[in-house]
Amino acid sequence: MATSPEAQPPRKLVLVVAAALLNQDGEVLLAQRPQGKPMSGLWEFPGGKVDPGESPEAALKRELREELDVIVEEQNLEPLTFASHAYDSFNLLMPLYVCREWVGTPSGVEGQQLAWVDNAKLDTFEMPAADIPLIGPVRSAMKKTIVAGKDIMDDTSNPQKS
Ligand SMILES: Nc1nc2c([nH]c(=O)n2[C@H]2C[C@H](O)[C@@H](COP(=O)(O)OP(=O)(O)OP(=O)(O)O)O2)c(=O)[nH]1
């Protein structure tokens, strides 16, 4: 007998916010989930759960400070896309922001490995199932950085363009 959606056990909704930090070379920062946590070893976008009463942007600013020791301004968090994924025990809803400006050098405060990853290598990092549909939009944002950077270089090397 086919199961109707109503027959599925209820899962709680978990709201997580995450950031694709993009550097000037068009690379994105990924963090490896530490041992002892669910999905350990997989590579994810830095972020975490939104606390009750907290705005998504405030939560992301807090998580990036706690996890990476970087300061971001909310105005530098640009909404990109979101993930909506049914894990076995919960439904994940995860807005993903692009961040191109921050203060500080990202470091793995909680002992997590970090990697700056270029477009060509993104496929080689194993990510949580929820993140797979995010890769396309992140790649587009990475390409935009490189195109914008090239325009700036072209402008400085060609004074007649200014
Ligand atoms: N930060 C982040 N979390 C992700 C991504 N993809 C994905 O499925 N997740 C899931 C993993 C976790 O279940 C949840 C993130 O919550 P979290 O990092 O605050 O929680 P956690 O499981 O590490 O542990 P805890 O804080 O509850 O102790 O979202 C991603 O790209 N970034």
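**Strand pairing and the ligand shell**

The structure is a predicted model, in which local features need pLDDT of at least 70 and side-chain atom pairs count only at pLDDT 80 or more, while totals for chains, interfaces and linings use all residues. Residues are numbered from 1 along each chain as its sequence is written.

Let me place that pair in the chain. The protein chain holds two helices and seven strands. These elements are DSSP runs numbered from the N terminus, helices being H or I of at least four residues and strands being E of at least two. Their order from the N terminus is β-β-β-β-α-β-β-β-α.

I turn now to the pairing of strands. Two strands pair if DSSP finds at least two bridges between them. Strands of a sheet pair through backbone hydrogen bonds, in either a parallel or an antiparallel sense. E1, residues 12-21, is antiparallel to E4, residues 47-49, with three bridges. E1 also pairs with E6, residues 90-99, this time in the parallel sense and over eight bridges. Within E6, Leu93 is the bridge partner of Leu15.

There is also an open sheet of three strands, in the order E3-E2-E7, and its pairing is antiparallel. Why does one side of E3 and of E7 lack a neighbour in the sheet? E3 (43-44) and E7 (114-117) stand at the edges, and each has a single partner strand, so one side of each is left without a neighbour there. Between E2, residues 28-32, and E7 there are four bridges. Ala31 has Leu114 of E7 as its bridge partner.

Next, the ligand. Which residues are closest to the ligand? They are Glu44, Gly47, Gly48, Pro128 and Ala130, in a shell of 15 residues. E1, E4 and E6 are the elements that each give two or more residues to this shell. A residue belongs to the shell if its C-beta atom, placed from the backbone, lies within 6 Å of the molecule. E4 contributes the most, with three residues. By class, the shell has nine nonpolar, two polar and four charged residues. Here Ala, Val, Leu, Ile, Met, Phe, Trp, Tyr, Cys and Pro count as nonpolar, Asp, Glu, Lys and Arg as charged, and the others, Gly among them, as polar.

Finally, the chain as a whole. Of its 162 residues, 24% count as buried, meaning that 20 or more other C-beta atoms, placed from the backbone, lie within 10 Å of the residue's own.

Notes. Buried ≥ 20, exposed ≤ 12 C-beta atoms within 10 Å, placed from the backbone.
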